[in-house]
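Thanks for coming, everyone. I'll walk through the contacts in this model, from single residues out to the chain interface. Here it is on the screen.

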Amino acid sequence: MSTLLIAEHDGQSLNQATAKALTAARALGAPVDILVAGSGVRTIAEEAARLDSVSRVRLADDPALAHALAEPLAELVLSIAGDYAAIVAPATANGKNLLPRVAALLDVMQVSEVTAVLSPDTFERPIYAGNAIETVQSHDKIRVLTVRTAAFPPTEAGSATAPIETVGAAPTPPRSHFVSEALTTSERPELAGARIVVSGGRALGSAETFEAVIAPLADRLKAAIGASRAAVDAGYAGNDLQVGQTGKVVAPDLYIAVGISGAIQHLAGMKDSKVIVAINKDGEAPIFQIADYGLVEDLFTAVPALVAALDA
Amino acid sequence: MKILVPVKRVVDRNVKVRVKADGSGIDLANVKMAMNPFCEIAVEAALRLKEAGQASEVVVVSVGNEKSAETLRTGLAMGADRGILIKTDAERIEPLAVAKLIKALIATEAPGLVILGKQAIDDDSNQTGQMLAALLGWPQATFASKIELGTETIEVSREVDGGTETLSLALPAVVTTDLRLNEPRYASLPNIMKAKKKPLDETTPDALGVDIAPRLAVLRTVEPPRRAGGVTVASAAELVARLKETGVL
């Protein structure tokens with residue numbers, strides 16, 4: 001029996017979350033099919049077909065599948081679920097929205113935010129904001145998993161191209177409709193996949209100073225910008241920049257926390273970063289307990305000095 | 001319209017939990033418990049709809065042992081009209097079981113809208129709302145940051161990875177709350193006293209005809225790997241030098 005991986009994309013290109021979840025899906029030990037569902041998404045299916053060790057790509061191309069609405073997508077996945085022993089999606093906003101709906105329709109429990117695959121039915125996942133790691137074994141007939149992408153390296157493109165097969169789109173239950181979207185446009189790398197992240201906290205003081213202090217450092221390092229919940233709640237940064245248990249979970253090579261105290265909920269989103277740097281004038285802040293390098297200094301002098309030192 | 005709000009009793013958000021040394025789970029003895037923060041936001045959202053004249057009744061429901069009644073009383077003190085405790089001493093109740101229990105309750109309660117938190121801060125599953133919507137065949141809007149209730153439909157702005165999107169759902173529907181939806185109110189002392197007189201019914205999984213046996217076996221629970229102790233640097237220049245040594249710059 002194969003594994004079905006549900007591709008994450010924005011309607012234009014394949015998101016790297018798919019390649020990372022593919023690494024987890026391959027660890028289940030069975031052939032992996034990728035489902036690309038959407039409207040006008042054949043080029044995305046072609047992109048998915050180039051990933052290493054994909055046995056086939058199943059393409060469902062229908063206007064009813066645009067905007068990744070959970071209801072028609074769940075019907076579609078259910079219609080092909082009989083071919084699979086496991087259904088996997090990256091734990092993105094889309095994956096988290098869709099997969100529990102699929103699991104319930106199959107009458108199975110989902111394992112959320114898997115960080116390690118120990119065997120085809122045994123998985124590790126963090127609980128309590130990452131303060132404990134639980135090992136769970138599924139006895140369900142189909143394993144349904146969302147994958148914490150920060151815990152897996154991406155599968156690169158391989159030498160072969162997988163065949164693309166079309167699957168019929170399920171009829172749309174006309175009970176939910178897309179109205180509009182307001183997406184943040186940014187030239188910077190995407191937060192979830194960035195190699196370096198510079199995050200700001202409440203100590204930045206205002207949206208203007210947040211931008212004035214954090215942006216030059218992020219630009220110098222070609223880094224993505226993140227924020228603590230306090231900074232987001234105070235309106236200094238957009239919601240989609242929030243790093244933490246309730247925001248995005250990142251694991252970059254370098255995470256620089258500026259003016260962030262290090263509350264439990266923030267640490268849950270970044271403590272698996274390879275190198276953590278904390279800049280905070282309070283030497284007692286909890287962030288220093290997990291930082292590899294700590295600089296106890298006022299951020300308004302420390303960050304410009306850091307930019308200058310990088311240029312030196 | 002009646003609004004049903006499932007709420008969960010969890011470890012207080014500010015508690016740093018301890019993993020039991022034998023790997024059997026989290027040490028919950030004598031730990032402060034509270035209503036899950038996302039559930040508070042769900043209760044607040046329902047109350048605001050009632051205060052705006054758009055809902056007739058707000059019913060809070062919880063699954064758990066007799067202590068979950070305290071969580072329901074918190075919801076009643078915030079302003080909910082009525083509570084229902086689905087009482088069980090089972091140690092672990094999974095989202096699928098909770099979704100089935102709530103569905104069974106909905107067969108008699110017949111709400112027009114169910115509002116849940118997007119996830120509980122103990123198991124961090126983020127599943128129950130979606131599963132409930134699936135079992136009912138209702139549309140779902142998860143991670144809501146704004147809701148506008150009409151008579152036939154509800155318009156919900158959702159927090160997605162790149163920003164926000166707005167959906168329109170036919171009622172009845174299931175909505176799960178994100179942090180930005182609102183700032184939950186505190187229960188005042190007089191309201192806490194009044195809440196003690198509000199109706200709080202009890203039922204059981206057996207009475208609802210739902211099997212709540214866990215589908216997942218928890219083999220062990222361990223502490224996450226600890227990070228090696230860090231160093232304090234004296235200046236930005238030293239920091240850059242150190243980062244260059246490690247190769248991340």
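Start with Asp33(A). Asp33(A) is buried, at a relative accessible area of 1%. Buried means under 20% relative accessible area, exposed means over 50%, and partly exposed is in between, with a 1.4 Å probe and protein chains only.

Before I go on, the ground rules. This is a predicted model, where local features need pLDDT of at least 70 and side-chain atom pairs count only at pLDDT 80 or more, while totals for chains, interfaces and linings use all residues. Residues are numbered from 1 along each chain as its sequence is written, chains are lettered from A and ligands numbered from 1 in the order in which they are written, and side-chain values use heavy atoms, leaving out hydrogens and water.

Back to Asp33(A). What does its side chain meet in a salt bridge? The partner is Arg56(A), at 2.7 Å, N to O. A salt bridge here is a side-chain nitrogen of Lys or Arg within 4 Å of a carboxyl oxygen of Asp or Glu. Asp33(A) lies in strand S2 (residues 32–38) of chain A and Arg56(A) in strand S3 (residues 54–61), so the pair ties together parts that are 23 residues apart in sequence. Strands are DSSP runs of E, at least two residues, numbered from the N terminus. Arg56(A) is partly exposed, at 21% relative accessibility.

How many salt bridges does the structure hold over all chains? The count is 39.

Next, Thr155(A). Thr155(A) sits in the loop between strand S9 (143–147) and strand S10 (164–166) of chain A. Is Thr155(A) buried or exposed? It is buried, with a relative accessible area of 5%. Its side chain makes a polar contact of 3.2 Å with the side chain of Arg26(A). By polar contact I mean a pair of N or O atoms within 3.5 Å; within protein, one must be able to donate a hydrogen and the other to accept it, and residues adjacent in sequence count only if both atoms are side-chain atoms. Beyond its neighbours within four places in sequence, Thr155(A) is in contact with several residues, including Ala19(A), Leu22(A), Leu51(A) and Asp52(A). Contact means heavy atoms within 4.5 Å.

Over to chain B for a moment. Val63(B) is in strand S4 (residues 57–64) of chain B. Val63(B) is buried, at 15% relative accessibility. Leaving out residues up to four places away in sequence, Val63(B) touches Ser68(B), Ile86(B), Thr88(B), Ile93(B), Val98(B) and Leu101(B). Its C-alpha atom is 9.9 Å from that of Ala90(B), 27 residues apart along the chain.

Now the interface. How many residues of chain A are in contact with chain B? It is 81 residues of chain A, against 78 residues of chain B. The area buried between the two chains is about 6,600 Å², and carbon and sulfur atoms give 56% of it. Buried area is the accessible area (1.4 Å probe) that two parts lose on being put together, summed over both. Met109(A), Tyr128(A) and Arg175(A) supply 13% of the area that chain A buries against chain B, more than any other three residues.

The rule finds five salt bridges across the interface of chain A and chain B. One joins the side chains of Lys100(B) and Asp107(A), at 2.7 Å, N to O. Arg227(B) is partly exposed, at 24%.

Last, the strands that cross over. Strand S11 (residues 176–183) of chain A runs antiparallel to strand S9 (residues 163–170) of chain B, joined by seven bridges. Two strands pair if DSSP finds at least two bridges between them. Within that pairing, His177(A) has Ser168(B) as its bridge partner. S16(A) and S13(B) run parallel, with three bridges. There, Gly294(A) stands opposite Thr232(B). S16(A) is also joined to S15(A), in parallel, by four bridges.

That's my tour; over to you.
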